[in-house]
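Trainee: Before I use any of the terms in this description, I would like to see each one set against its rule. Could we go through them in turn?

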There are 2 protein chains.
Amino acid sequence: MMLSRIERVCREKGLRMTGQRRAVAQVLSEASDHPDVEQVYRRAVDLDPNISIATVYRTVRLFEEVKIIERHDFGDGRARFEETGFKHHHHLIDLKSGNVIEFESEKLEQLKREIARGLGYELVGDRLELYGLPIGSDGAGEETDDQ
Amino acid sequence: MMLSRIERVCREKGLRMTGQRRAVAQVLSEASDHPDVEQVYRRAVDLDPNISIATVYRTVRLFEEVKIIERHDFGDGRARFEETGFKHHHHLIDLKSGNVIEFESEKLEQLKREIARGLGYELVGDRLELYGLPIGSDGAGEETDDQ
DNA sequence: GTAGCTGCAAAGGCTTTGCATGCGA
DNA sequence: TCGCATGCAAAGCCTTTGCAGCTAC
């Protein structure tokens, strides 16, 4: 059986691998969206029916601390998660469908650092989301939702 | 007696001016920081001892809806507010002191629009905060706090 | 006078935590 | 074995809301 990337990193970091952590790891490894805790929980239950939502909360916090996942806040009051990627990126939220589109821009990275430096600061973190409406949309669009 | 800018806008929008709303308006007009609800409440009590925190919550929501203040979320789980300015700007949070520095950048505005457009979206909103450490800091800095 | 505003306290949504039990290394 | 992990339920934090009384217009 093949280990998920997250699970591998867990071993490297010496974290105890329980069935529940394995389940959360797999869910987040496979997710291409940005699930919230509730969604992670529902998907994890399919892999390990014993998991509780409290454990999901504890596990995502743990994974975040060792930097194998990232926490996001898209302004709706709950946290969303994704596996840490190789490349720093940001998100554009499609206000019509709720979909999240990832993008990266070296120009943007430079500009952010430049602005911070200009104010006398070393940039150590940032948060950026764009909210947009699809060009050419008539507003009658379809929504996405989760199982 | 001179009306605050916010109070003037309230009248223009036909909002009923109560003592409590006047107090919140004045607090936000005078604030140069980005107070949270608790801080607005404490300052408003000095102007109108009858105000309750529920009213502060209702009032900032109302003011936000008519666009005379803006709501921000600096990642600490509570909302912060500031009077709407003439110019769109963003914030850099000094991680050493907690201070919030405002900045604007036309270059950045252009780049954001350009990125959104490139993804097929019309930019209708955004959120951007930079988190930084003062250059040349030894880490032994002073903190700010509020009355 | 009346619609709208307020205070109070209860409730709501997301998240954390205390405690006794369970389980991985 | 033994300490870390978990489930459950309670609690915490910020925010909203139902309701009865009050007030600006």
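Mentor: Let us begin with the two protein chains, where 34 residues from chain A and 34 residues from chain B take part in the contact, contact being defined as heavy atoms within 4.5 Å. Please keep in mind that this is a predicted model, in which local features need pLDDT of at least 70 and side-chain atom pairs count only at pLDDT 80 or more, while totals for chains, interfaces and linings use all residues. Residues are numbered from 1 along each chain as its sequence is written, chains are lettered from A and ligands numbered from 1 in the order in which they are written, and side-chain values use heavy atoms, with hydrogens and water left out.

Trainee: What is the area buried between chain A and chain B, and which atoms give 70% of it?

Mentor: The buried area is about 2,900 Å², and carbon and sulfur atoms give 70% of it; the term stands for the accessible area (1.4 Å probe) that two parts lose on being put together, summed over both. In chain A, the residues that lose the most area to chain B are Tyr121(A), Arg127(A) and Ile135(A), together 24% of what that side buries.

Trainee: What makes the pair Arg127(B) and Asp73(A) a salt bridge?

Mentor: The rule asks for a side-chain nitrogen of Lys or Arg within 4 Å of a carboxyl oxygen of Asp or Glu, and the side chains of Arg127(B) and Asp73(A) meet at 3.8 Å, N to O, so the pair qualifies as a salt bridge. Across the interface of chain A and chain B, the rule finds six salt bridges.

Trainee: Which element gives the largest share of the side of chain A that touches chain B?

Mentor: That is strand 5 of chain A, with 14 residues, strands (E, at least two residues) and helices (H or I, at least four) being DSSP runs numbered from the N terminus.

Trainee: Why is Ile115(B) called buried?

Mentor: Buried means under 20% relative accessible area, exposed over 50%, and partly exposed in between (1.4 Å probe, protein chains only); Ile115(B) has 13% and is therefore buried.

Trainee: What makes the pair His91(B) and His89(B) a polar contact?

Mentor: A polar contact is a pair of N or O atoms within 3.5 Å; within protein, one must be able to donate a hydrogen and the other to accept it, and residues adjacent in sequence count only if both atoms are side-chain atoms. The side chains of His91(B) and His89(B) are 3.4 Å apart in such a contact, so the distance meets the limit.

Trainee: Which residues are the closest to DNA strand D?

Mentor: The closest are Asn50(A), Ser52(A), Thr55(A), Arg58(A) and Arg61(B), among 19 residues that surround DNA strand D, a residue being near if one of its heavy atoms lies within 4 Å. Of the atoms of DNA strand D within 4 Å of the protein, 69% belong to sugar or phosphate and the rest to bases. A phosphate oxygen of DNA strand D is 2.8 Å from an N or O atom in the side chain of Thr18(A), and a sugar or linking oxygen is 2.9 Å from one in the side chain of Gln20(A).
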